[in-house]
Amino acid sequence: MGRSSLGGAVLRGMLLTLVVLFFLFPILWVVLMSFQTNETILRIPPSLLFEPTLSNYTALISGKLVTNAGTLELAFMNNLKNSVVLSTVSVALALLLGVPAAYAFARFRFRLGENIAFTLLSFRFAPPLLVLLPLSLYFRQLGLTDTWVGLIWVYQLIALPLILWIVRGYFEDISPDIEHAYRIDGHGWWRTFTRIALPLARPGIAAAGLLAFIFCWNNFVFALILASADKQPVTVGALAFVTASGIQYGQIAAAVMLSILPTLLLALYAQRYLVEGLSLGAVKG
Amino acid sequence: MTGAARLVLDGVAKRYGRAVVLDDVSLEVESGEIVVVCGPSGGGKTVLLRLIAGTEQPDQGDIRIDGKSMLGLGAEQRDVGMAFQNFALYPHLTAYQNIASPLEARGLATAEIKQRVDKVAALLRIGHVLGHTPRELSNGQKQRTSLARALVRGPGTLLLDDPLRNVDAKLRYEMRLELPRLLASFGSAVIYVTQDYREAMALGRRIAVLRQGRFEQVGAPETVYGEPANLEIARLFGDPTINLYPCRPDGEAVELLGERVPLAPGMAQLAGREVMLGIRAEDIEVATEPMPGSVAAELDAVTPLNVRAVLYLRSRDGKELLATVPEDDALRFGRGHRPVWAKLAPDRFLAFDPATGARL
Amino acid sequence: MAGLALDQLSKIYRSRGKQPVLAVDRVDLAAGEGEIVGLLGSSGCGKTSTLRMIAGFEDVSSGTIRVGDKAIQALPPKDRGVAMAFEGYALYPPLTIRDNIGFALLRERRSREEVARRVGEIAGLLEIGDILDRYPPTISAGQQQRTSLARALVRRAAISLLDEPMSQLEPQLRAILRARIKDYLIEHRMTTVFVTHDQTEAIALADRIAVMEQGVLQQYAPPAELKEQPANLFVASFIGEPPMNIVDARLAPGTEGGGLIATSPDGLTAFKVPLAPALTARLGRPDIGYKLGIRPHRALVGDPLGLPATVVSNQWLGDQAHLALDLGGCFLVVVAHRRIDASIGGTVPVRLPPGAMHLFDAASGRALLHGLEAQEAAAA
């Protein structure tokens, strides 16, 4: 059992490389595009060798794009800032509300507990388009259209259910005996929550927070309808590259790269917490 | 021993939905006394400990520690130490920090904490692993750390929830010898929960048998073993399990295992009644020759059991009978599959009512 | 039915980036037809690897496995004629218990009546007759384990392999099931190999036990021989509950009267064991460290000729008494078949008959003598 031949290993390697290439190819292409001018991109036949240029990135960062039709103001950096603010604050608020709620769902048995939890999860099932029209009407009535408060509140629909369900699972995985032992030692319930439950659920909280951040960052529809230009995140802001003088592929590619960067860095940083302490061994087994 | 009991359970009851887990449970434990709560799984033992520790509240009755009622008081307000079956150590803290936790909660100075932790760690021989996290400890070391944490504060009441269950056989035996002496030096009122009758008899000054939410018998180990209150308790205690046969004695003897077996005079009052008659394996004498009053049987297998050996007999009417003899005596029986004669000691029979299970 | 022979069987685990692990080191073992063999040791000793090699789930690194005259180490499991009960039960979830047990018999194309009869018989023996129509996920761990055992035993295969067959068994059922299983194996003359870490279980079932430690076979002998003539300190302290008492000892010089001096862990003299002069001479040098062993029930408590010992604990278990004694600083565990009237802290006499003592070389652990009295005559 498990006698592998050299030929088999080489074949497996080749196959894996092909599969990886297949999936990564679009991303690779976008990376390449971001370093090319529009002319180079649209050249036929397309080639892998070209003269790299940073003009796309400089245009985005400086906010000015020089085209044949004139100079265009690019609000991309502002969009980036909006995305960061919106996602960060939304996730922070969702964690503040969601983590204690997850703890309550995990530890306390109360009537309709499971029903409430499922209702909250069901918010994820509904396609955003479904709720968009009623939501925009309510927002107008409440005067929340195009406000930070309104957007962050709506983003809770995305972030809260996710955090609730993931973190509740992690709290449930902690043996209740550990918390009982801490209480018997003489500590109150708040200290038990902060000193025992939170540290032990940290990998789950990090994972949930990261996932929620990514989903908030990627959201398109809510921001499109409920926000106006100065509050738009990068997802909506990308529309600006479809101009009257043509689609600026190079800038879109560069914009995509810059959009991915924050979430990628966050994932790399949070990775440490995700992997840490998955088998802590304090409970037998 | 002082007059007032350290721990008093008074008519305690607990329900989960419709299921009654504990029903009118009362017990008194004095300082320095070890009472073992023994019983099959599902009997309510863990719930009982949770009620005493304070992580749950009883639906009825009272729990008093040092005369003061604990109703409504949370676990952190009681003077109780507890060691769990699955250790329940804090995974992200070192063994030292685990043991220090109860002292930390009381707000003791760092120097004093260190002194007391070191002292209890030395007693349990884990001083050399205090800097390790639970992941780096062996099962035996985790169990001792769990015990150290429960003991470090010298609590008035100590609860041990089957602490030896998840520890290997060798270590379990050593701890069984060591625990009474260890616990005696702390003077707490101890409730020790186990399913293993040997552990119960070895450790407890008294045994409280908890079955289906009630204490069916509370008494000294030899009493629970020799005079069980009912059939189920007789079956729980003893290895091999007590041999039980439904029959009808006629005063001086009984038709059993295909022959007439003599009974002691004390059983005369059972004449004519349907009873379940029980005889323990160690009260059966087995020989290769017939003896007066013995039953003929076929010896089908010999299975040694540490210092004794279990003889698996089948009577003429096809019933099974388990007898034990000291290890050295078993050698003459070889591998079995031969005729033997078994004498059931007349004065060692236990009689039970077949309907209720109560001992007669 | 046939005999099983393992010849210089070895297993090396190699994984990338780690040192190769020698899990089984040249094990030689032969079981006669119908013999019950136990592989005993703590976790990591190689017993499970050995069993899995016999079954065919692990490749053999070197050595041979023979059933009768046929070498089987190169055959796939299904061609080896072995039946196995797995530690993890491995029951088929969509089949009832009845069908699980009878599965292999049906594949052997036996008649429905015969299958029903045999399944009923084994189920009755293992007390699972009342759950035959249930499904694996709905029954307890103990019942699942018994089902897995029934499935292997009902086949009466040439070789039956059982991996920790009774670890989850309810305590009340252990004694009776061990007896019934042993009876069944003997009656059907089934050559059986089982693996366990519980020496009580090994001693109950096996005709011979192979004690293993770190891949090396320590001793392969019947239980009585393992108890009375352990080959080394490891076997002596592994077998038995309570295990053999082991204390340090050294040879007393002739000027002090000869014999052995047992010492406490602190190095103080605990007690002396007189030896015949011929024996003392035979043992030779007083600079060797020895270990003295005596089994718990061979130490006679209450014997008026005994030495005074302090009682550390006295536990009556219904059919036997276990006492922990302090004899001159040495910790001894003693078992008696009757109640001993002695309170903690009191004194009780205990006699250690030289004929019941075992002598070991402290450095190598090897057993030197079993019984220090009988040697008197032999040494002359």
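Mentor: We will go through the chains and then some local details.

Mentor: This is a predicted model, in which local features need pLDDT of at least 70, side-chain atom pairs count only at pLDDT 80 or more, and totals for chains, interfaces and linings use all residues. Residues are numbered from 1 along each chain as its sequence is written, and chains are lettered from A and ligands numbered from 1 in the order in which they are written.

Trainee: Chain A, then. How many helices and strands does it have?

Mentor: Chain A has 12 helices and 4 strands. Helices (H or I, at least four residues) and strands (E, at least two) are DSSP runs, numbered from the N terminus.

Trainee: And what percentage of the residues in chain A is buried?

Mentor: Of its 285 residues, 30% are buried. A residue is buried if 20 or more other C-beta atoms lie within 10 Å of its own, exposed if 12 or fewer, and partly exposed in between, with C-beta atoms placed from the backbone.

Trainee: What about contacts in chain A?

Mentor: Among contacts in chain A with a separation of 6 or more, 77% are between residues 24 or more positions apart. Two residues are in contact if their C-beta atoms, placed from the backbone, lie within 7 Å.

Trainee: Which domains is chain A divided into?

Mentor: Domain 1 covers 6–73 and domain 2 covers 76–275. Their C-alpha centres lie 31 Å apart. Domain bounds come from an automatic or database domain assignment.

Trainee: Which residues of α7(A) and α9(A) meet?

Mentor: Those in α7(A) include Y155(A), I158(A) and L162(A), and those in α9(A) include A197(A), A201(A) and L211(A).

Trainee: How do α8(A) and α9(A) pack?

Mentor: α8(A) and α9(A) pack at about 140°, with axes 10 Å apart. They are therefore oblique to each other. I178(A), E179(A), Y182(A) and R183(A) in α8(A) meet T192(A), I196(A) and A197(A) in α9(A).

Trainee: Switching to chain B. Why is α2(B) described as largely enclosed?

Mentor: Because 8 of the 11 residues of helix α2 (residues 95–105) of chain B are buried. Among them are Y96(B), I99(B) and L103(B).

Trainee: What covers the buried residues of α2(B)?

Mentor: The cover includes α8 (176–185) of chain A, together with α3 (110–123) and α4 (139–151) of chain B. After α2(B) comes G107(B), with a positive phi near 75°.

Trainee: What order do the strands of the open sheet in chain B take?

Mentor: The 5 strands run β15-β19-β16-β17-β18, with antiparallel pairing. β15 (284–287) and β18 (320–326) of chain B are the edge strands, each pairing on one side only. Two strands pair if DSSP finds at least two bridges between them. Neighbouring strands of this sheet are turned by 45° against each other on average, direction ignored.

Trainee: What packs on the sheet?

Mentor: Helix α5 (residues 171–187) of chain C does, touching β16, β17 (308–315) and β18 of chain B. Its direction makes about 100° with that of β16(B).

Trainee: Last one, I97(C). Buried or exposed?

Mentor: I97(C) is buried, with 27 other C-beta atoms within 10 Å. It lies in helix α2 (residues 97–107) of chain C. Leaving out residues up to four places away in sequence, I97(C) touches I128(C), I131(C), L132(C), R134(C) and T147(C).

Terms used: Axes fitted to C-alpha atoms, helices over the stretch in contact; angles between N-to-C directions. Parallel < 35°, antiparallel > 145°, perpendicular 65-115°, else oblique.
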